[in-house]
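Today I opened my notebook to look for pockets in a protein chain. Here is what I looked at.

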Amino acid sequence: MRLPLFWKILLATLLPLVAFALLGVTANRLAHRAHGVARRAHYLAQKEAEAELGRRLIATAQATAALLRSEDVTLLQPGDDQSRTYRRLQAQLRRVAKASNARRIYLVDRQRRSLCDSRGGVRIGSLYYHLDVERALLARVFRQGAAASMLFVGKDGRQYKTGFAGLTDEKGRVVAVLAVDGSAGTFVHLERLDAQLKSLRGGLLSPVLIGLLVGVALLLLVGASLLLARSVTRPVRHLVSAAAAIGRGELETPVTPRSKDEIGELAISMNRMRRDLRDRQEEMQLMLSGIAHEVRNPLGGMELFAGLLRDEVEDDPDRLQMVERIQ
């Protein structure tokens with residue numbers, strides 16, 4: 001099927017641009033999918049790291065609780081901070097904290113009051129206010145023996161998690177809870193990854209915005225392509241009309257160029273051809289007029305003398321027939 005020049009120009013302009021726009025939309029969608037997969041992987045890695053940290057802290061708390069004597073803990077009373085029993089317990093907690101790279105290890109009773117703390121300056125009976133949010137968790141530890149807290153942010157701005165384990169007496173009753181605060185150092189790398197993913201997400205355009213931009217761009221491109229196609233096909237149609245007029249012999253109407261490009265040069269050449277044809281036609285008309293004048297004079301004389309001869313031979317049918325043929 002033959003396409004007009006207008007549609008050829010329009011398609012030649014639009015098809016590569018449409019293909020490029022579709023490629024951009026596809027690339028953006030793939031980037032969104034890849035970002036979603038990365039975010040999901042980051043979420044699963046964070047959850048697994050958090051769970052692993054909780055298991056490690058619980059194991060440390062349980063192992064430390066197994067080293068302590070419940071009798072020493074239950075005998076501690078406010079004011080025993082300088083007693084030999086307290087100092088021995090605190091030394092044990094500090095050794096375990098150093099060996100396990102824990103931030104802090106401490107013993108707490110049912111009322112969330114301190115019994116012993118690896119950190120100095122915490123007196124027996126001091127209330128741990130940060131455990132207010134862990135009341136339900138502590139109650140569960142006193143019933144079931146072990147649990148881990150949610151992540152929390154310390155005063156240094158880092159993330160921590162606490163593992164709890166029950167300290168039982170000889171009858172298997174939980175008489176205190178041993179808590180181990182551990183640093184979530186792994187989460188530093190995950191936070192950096194999360195920041196990078198958020199930065200990547202900020203650089204991606206939403207599918208709705210992409211659709212709007214592509215739609216607006218296509219409208220602008222269609223408009224520009226229509227203008228381009230018209231700017232090319234209008235002069236061509238003008239030349240086609242001029243060529244048809246010249247073919248019909250209309251040589252007086254000049255062919256005016258509509259542009260200064262190759263089509264304009266073609267119009268100038270066609271106008272020059274029109275003038276040449278007109279000049280040749282005028283020369284031919286003059287020549288034919290001269291030929292007609294030269295031929296008309298002897299023919300007029302021949303016609304005159306043939307008439308006279310006819311009058312002379314009216315009585316002779318044979319000769320009259322010859323004169324008629326001459327006429």
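**Ground rules.** I am working with a predicted model, where local features need pLDDT of at least 70, side-chain atom pairs count only at pLDDT 80 or more, and totals for chains, interfaces and linings use all residues. Residues are numbered from 1 along each chain as its sequence is written, and side-chain values use heavy atoms, with hydrogens and water left out.

**Whole chain.** I found eight helices and six strands; these are DSSP runs (helices: H or I, at least four residues; strands: E, at least two), numbered from the N terminus. Of the 327 residues, 31% count as buried, meaning under 20% relative accessible area with a 1.4 Å probe, protein chains only.

**Largest pocket.** I looked up its volume and got about 310 Å³. A pocket is an open set of points on a 1 Å grid over the protein atoms alone, where a 1.4 Å probe fits, with protein on both sides within 12 Å along at least five of seven lines; lining residues have an atom within 4 Å of a point. The volume is the space filled by probe spheres set on the points, which are joined across faces, edges and corners. I noted 16 lining residues, with Arg103, Arg104, His130, Phe152 and Asp181 nearest the centre. Strands E1 (104-108), E4 (152-153) and E5 (159-168) each give two or more residues to this lining.

**Second largest pocket.** I read a volume of about 170 Å³ here. Asn101, Ala102, Arg103, Gly182 and Ser183 are the closest to the centre among its 13 lining residues. Strand E6 gives the most to this lining, with four residues.

How values were computed:
Buried < 20%, exposed > 50% of the residue type's maximum accessible area, 1.4 Å probe, protein only.
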